[in-house]
Amino acid sequence: MYRTKTCGELRRANVGETVTLCGWVDSARDHSGVFFVNLRDRYGKTQTVFDAAADPALFELVKTLRNEDVAQITGEVLARPDGLVNPDMSTGEIEIKATKLVVLNRSAVLPFLPSAPEVPSEEMRLKYRYLDLRRAEMQRALTLRHRITKTLRDYFDENGFLEIETPVLGKSTPEGARDYLVPSRVTQGAFYALPQSPQLYKQLLMIAGYDRYVQVARCFRDEDLRADRQPEFTQLDVEMSFVEMEDIIDVISKLVQRLMKEIKGVDIPLPLPRITYDEAMERFGHDAPDLRYGMELKDITEISKTVDFKVFRSVADNGGRVRGINVKNAADKFSRKDIDGLISWTGEQFGAKGLVWFKVDAESKLTGSSAKNFTPEALQAIGEKLEAGPNDLLLFSCGDFNLTCRTLNGLRRRLAAQLKLYDPEEMNFCWVVKFPMFDWDEEENRWVAMHHPFTAPLVEDLPKLEGSAEDIRAIRAQAYDLVLNGFEAGGGTIRIHDSEIQNKVFNLLGMTREQAKEQFGFLVDALQYGAPPHGGLALGLDRVVMLFAGIDNIRDCIAFPKTTKASDLMTGAPSEVASKQLEELAIKTMIPKPEQ
């Protein structure tokens, strides 16, 4: 063994021991005949001391060390003198009096120092990811990821689940996002698809009789990226047989309780709060609401039908919605220029055509440039609807329902962060249930599944599968999302286990039996051979780690992530391949000409 202890292990109880440490030089400083080296590994840092008088040759060698050199240091553990204890280091009560130094490897000139307080640009961090991963913040995030993953696995093992791997090379099926395709050399012209999720396989496992399945699964989706999305990601995949929605919610709620206790040291009561999809959209404008603060959406459409203000009146009379939020005690924090900035932002981000605003004065009266267009009675009614008080700022959006949801949800989140309306350490969970089962796609002129085509409708809504368009729009799914701090942490559904109901859903989605057979034939066939009632859920592991770590970018909790253009700056992937490889696959590339 190169070492007998790690760099974060030693304490006052080890004083007097002779130890050998290995690690990277975090810092090196010469103090006139005494040289200090802080040696670092992923466990921590330890101060080592070299005395010129004790060993001149060793002192000359240590002076050649530079940051990030790899070294082996042997010496005696000493207690630090009174007044020199470092409370910022876990090993701050001791130091090593060095008697031996072996330089295991020299580092080239570094593009950035992993121990520097300044964080380099993200491009630099991703290009030299192996250096970035030495930073303490990254080490903490990946250690947390390990702890969360281990807790998940332990919990499901204790509850009788089997972890079963499913294929990575599978059949391309329409599941919402683009597939990553893998050409077959053996069957030229044919392709595998990387899994967007193990959805079909885990349903087949239920039909096969493995009633409690779990997997930490790698998934792949070729879609546009953002801070909390990657082309390849990890999800905790769960499926159970002979269960109803309440059973799955209970299992996952207890998992959340376990995670909070073991990772955060916090006891949370069950059951977790629960709201319906319709309630979430009405109150918060989003199906993953952040419940750490108020600022709920209020509807004044009926009031707007009685006013002369054309902006509100025309929208309300033509079937649109007029909705607003109350930013409590914030009127004096926003100048007219600030509000104009919010108006521009909502236009750019959400397509809003403007915001109507009021400030509330000391007598609880609504003021502002738009106030002159309303009668005192109308202003009073609006103020009462939004529970307005002195110094409140009221912001309104009008248009179709989806536009007001997008706009006010965006404002709500932005202003809550700007005004620090919540504790960033708080972890707020809730369940959102009873999602719509179908949505109408205007471009394709057909119904599409809100989740996936294997989702079961609520039992009471089954007759509507053969009803009118209004009936179909009103069908609710046996679907449920776990929401954490305004992010969807996971989602699942009860699946269709009856082949006839499955065929009805395929038909509503515009698929003939032949098309369904071609795309999902193996599942359609399997449903005819004794499929049990079953359902499941998938938790986004990367996103859960991000939220538990208190960071705002999913790339900071993945060891080797991709950029927003799905590229790897460190390895250069994706890259061109040799023409011989393409010939073996019978593939010819066609690069579009750049636009002039």
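**A walk through the predicted model**

Pro574 is found in the loop between helix H16 (541-549) and helix H17 (579-584), where helices (H or I, at least four residues) and strands (E, at least two) are DSSP runs numbered from the N terminus. The model is a predicted one, in which local features need pLDDT of at least 70 and side-chain atom pairs count only at pLDDT 80 or more, while totals for chains, interfaces and linings use all residues. Residues are numbered from 1 along each chain as its sequence is written, and side-chain values use heavy atoms, with hydrogens and water left out.

The peptide bond that leads from Ala573 into Pro574 is cis, with omega near 0°. Pro574 also belongs to the lining of the second largest pocket, where Tyr180, Leu181, Leu194, Pro574 and Ser575 are the closest to the centre among 18 lining residues. The volume of this second largest pocket is about 660 Å³, and strand E7 (residues 181-183) gives the largest share of its lining, three residues. On a 1 Å grid over the protein atoms alone, a pocket is an open set of points with protein on both sides within 12 Å along at least five of seven lines, whereas a cavity is a set where a 1.4 Å probe fits but cannot get out; lining residues have an atom within 4 Å of a point. Grid points are joined across faces, edges and corners, and a volume is the space filled by probe spheres set on the points.

H16 itself is mostly covered, with eight of its nine residues buried, where buried means under 20% relative accessible area, exposed over 50% and partly exposed in between (1.4 Å probe, protein chains only). The largest cavity has a volume of about 70 Å³, and the structure holds two cavities of 30 Å³ or more. After H16 comes Gly550, with a positive phi near 75°.

Most residues other than glycine have a negative phi, and most peptide bonds are trans. A further cis bond joins Leu270 and Pro271, with omega about 5°, and Pro271 lies in the loop between helix H6 (245-264) and strand E11 (274-276). Phe242, which is not a glycine, has a positive phi of about 55°; its place is in the loop between strand E10 (232-241) and H6, and with 63% relative accessibility Phe242 counts as exposed. Lys434, likewise not a glycine, has a positive phi of about 60° and sits in the loop between strand E17 (429-433) and strand E18 (438-441), where Lys434 is partly exposed at a relative accessible area of 34%.

Turning to the whole protein chain, the secondary structure comes to 17 helices and 22 strands, and the C-alpha atoms fill a box of roughly 90 × 75 × 60 Å along the principal axes. Of the 596 residues, 47% count as buried. Among contacts (heavy atoms within 4.5 Å) with a separation of 6 or more, 67% come from residues 24 or more positions apart.
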